Amino acid sequence: MNFLVAAALAVCAYVSSVHCASEPIAWCYHLPSCNDNTWPTISPQYCNGTRQSPINIVSSNSKPDASLTAFTFKNFDNTSVLKSIKNTGGTVKVTFGSGVQVSGGGLSEAYDSLQFHLHWGNGSSVPGSEHTVDGKRYPMELHIVNSKASYNGNTTQAVADSKGLAVLGFFIEEMSGTATGQPASWKTLTSYLTNIKNKDDSVSIASGISLDDLLDGVNLSRYYRYLGSLTSPACNEAVVWNVFKEPIKVSKDLIDLFSTTIHINNSSSPLMTNVFRKIQPDQPVTESAGISSRED
Ligand SMILES: *[C@@H]1O[C@H](CO)[C@@H](O)[C@H](O)[C@H]1NC(C)=O
Ligand SMILES: *[C@@H]1O[C@H](CO)[C@@H](O)[C@H](O)[C@H]1NC(C)=O
Ligand SMILES: *[C@@H]1O[C@H](CO)[C@@H](O)[C@H](O)[C@H]1NC(C)=O
Ligand SMILES: *[C@@H]1O[C@H](CO)[C@@H](O)[C@H](O)[C@H]1NC(C)=O
Ligand SMILES: *[C@@H]1O[C@H](CO)[C@@H](O)[C@H](O)[C@H]1NC(C)=O
Ligand SMILES: *[C@@H]1O[C@H](CO)[C@@H](O)[C@H](O)[C@H]1NC(C)=O
Ligand SMILES: *[C@@H]1O[C@H](CO)[C@@H](O)[C@H](O)[C@H]1NC(C)=O
Ligand SMILES: [Zn+2]
């Protein structure tokens with residue numbers, strides 16, 4: 001996650017001269033002075049830690065775990081929860097209304113779903129997912145950020161807890177064939193990009209698309225689990241990662257819109273491309289066991 005994260009957390013600066021109130025560390029993806037090679041130095045407390053994300057998931061080393069049951073998703077089918085979409089200068093972030101939650105899946109309690117944001121490369125042919133699986137990098141990755149419900153949206157408390165956040169990570173792959181504008185939910189979502197070309201631009205999202213619509217086709221019972229971190233400074237080691245095995249399939253024309261529409265600052269600044277952190281050292285990974293809890 002360009003974890004321009006959770007509400008109060010971070011995404012702050014693309015360039016070193018810019019800060020944001022809740023996150024004092026100035027970081028960026030591409031300038032020599034503040035790119036991800038420097039994060040362990042400019043944000044040593046966590047970015048130089050021992051459970052950093054993203055990682056390359058080695059599928060043959062992943063251990064099935066029967067406690068990784070199906071999740072329960074609340075309001076993922078609600079077509080009014082996507083409230084606004086913003087160019088943060090480091091990602092495109094969609095903020096949710098209240099009442100969206102994820103529980104189950106071996107999580108210790110319910111987590112409130114706050115936002116999703118995306119990571120990408122440079123069009124569908126230059127991949128930009130954060131996690132990789134057996135070395136494969138996908139065109140894009142979507143991160144749904146969730147915070148322990150008992151913290152009531154206080155992300156300061158969540159990032160201080162080694163399991164305070166749960167992130168649902170979804171790969172996005174190019175749909176095969178020559179279809180354009182598919183799926184319809186992604187056509188609707190990407191139609192807003194032209195209104196948020198510049199940093200800090202934000203517009204409301206009309207009701208009509210749900211999270212389930214955007215996650216269309218993914219088996220939500222099949223996922224990898226490991227304990228890691230935010231993928232941008234301060235890289236807090238507070239994340240229960242859930243990386244879904246099956247990708248969301250989106251047509252090439254829609255994937256390409258991200259790297260051809262969104263600027264890192266304004267129309268005279270570069271387009272936003274390659275917004276992902278490099279791979280960090282391995283962590284132990286488990287996976288949903290693939291046995292349905294019911295036989296019926
Ligand atoms: C990062 O951690 C390593 C090992 O703990 C240490 O050798 C190195 O000096 C640290 N780097 C920074 C910038 O703090
Ligand atoms: C759908 O989400 C909206 C916005 O979060 C909320 O106000 C509404 O109560 C939800 N609908 C249902 C049926 O829960
Ligand atoms: C992204 O791709 C476009 C089109 O192929 C190319 O012109 C541009 O230089 C690329 N940008 C980067 C940062 O590689
Ligand atoms: C969040 O929790 C911290 C630590 O308990 C507290 O200091 C802070 O005031 C809380 N923030 C809000 C907005 O409630
Ligand atoms: C970003 O653009 C805004 C207005 O478009 C400008 O005021 C600001 O100086 C730019 N930021 C940087 C770091 O250049
Ligand atoms: C646009 O941003 C660039 C740097 O990103 C800055 O130098 C320039 O002044 C900004 N343009 C306007 C019109 O603010
Ligand atoms: C989803 O995956 C689970 C676990 O592998 C499997 O039992 C279930 O049949 C799958 N569901 C669909 C719709 O394919
Ligand atoms: Zn992210």
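Q: How many aromatic pairs does the count come to here?
A: The count comes to 13 aromatic pairs. Keep in mind that this is a predicted model.

Q: Take Phe73 and Phe76. How are their rings placed?
A: Their centres are 4.7 Å apart and their planes meet at 45°, so the pair is tilted.

Q: Why tilted?
A: Because planes under 30 degrees apart count as stacked and those over 60 as edge-to-face, and the rest are called tilted. The planes of Phe73 and Phe76 are at 45°.

Q: Phe76: buried or exposed?
A: Phe76 is buried, since its relative accessible area is 1%.

Q: And what about Phe73?
A: Phe73 has a relative accessible area of 22%, so this residue is partly exposed. The cut-off for buried is under 20%.

Q: What is the geometry of Trp120 and Phe258?
A: Trp120 and Phe258 are a tilted aromatic pair, with 5.2 Å from centre to centre and 45° between the planes.

Q: New topic. How many residues are in the largest nonpolar core?
A: That core has 52 residues. The ones that touch the most other members are Leu82, Phe116, Ile144, Phe170 and Trp186.

Q: Why would nonpolar side chains gather like that?
A: In soluble globular proteins, nonpolar side chains tend to be buried together.

Q: What is Phe170 in contact with?
A: Setting aside neighbours within four places in sequence, Phe170 contacts Met140, Glu141, Leu142, Ile144, Leu215, Val218, Leu220, Phe244 and Ile248.

Q: Now ligand 6. Which residues are around it?
A: Asn265, Asn266, Ser268 and Ser269 are around ligand 6. By class, the shell has four polar residues, no nonpolar ones and no charged ones.

Q: Where do the polar side-chain atoms of Asn265 and Asn266 lie?
A: One from Asn265 is 3.0 Å from an oxygen atom of ligand 6. For Asn266, a polar side-chain atom is 2.4 Å from an oxygen atom of the ligand.

Q: What about Ser269?
A: A polar side-chain atom of Ser269 lies 3.1 Å from an oxygen atom of ligand 6.

Q: How much of ligand 6 does the protein bury?
A: The protein buries 28% of the 360 Å² that ligand 6 exposes when taken alone.

Methods: Residues numbered from 1 in each chain as written. Chains lettered and ligands numbered in written order. Predicted model: local features only at pLDDT ≥ 70, side-chain atom pairs only at ≥ 80, totals over all residues. Heavy atoms only, no water. Near = heavy atom within 4 Å. Polar contact = N/O pair within 3.5 Å; in protein donor to acceptor, adjacent residues only side chain to side chain. Areas by Shrake-Rupley, 256 points an atom, 1.4 Å probe, with all protein chains shown as cover. Nonpolar A, V, L, I, M, F, W, Y, C, P; charged D, E, K, R; others polar. Core = buried A, V, L, I, M, F, W, Y, C linked by side-chain atoms within 4.5 Å. Buried < 20%, exposed > 50% of the residue type's maximum accessible area, 1.4 Å probe, protein only. Contact = heavy atoms within 4.5 Å. Phe/Tyr/Trp six-rings, centres within 6.5 Å; stacked < 30°, edge-to-face > 60°.
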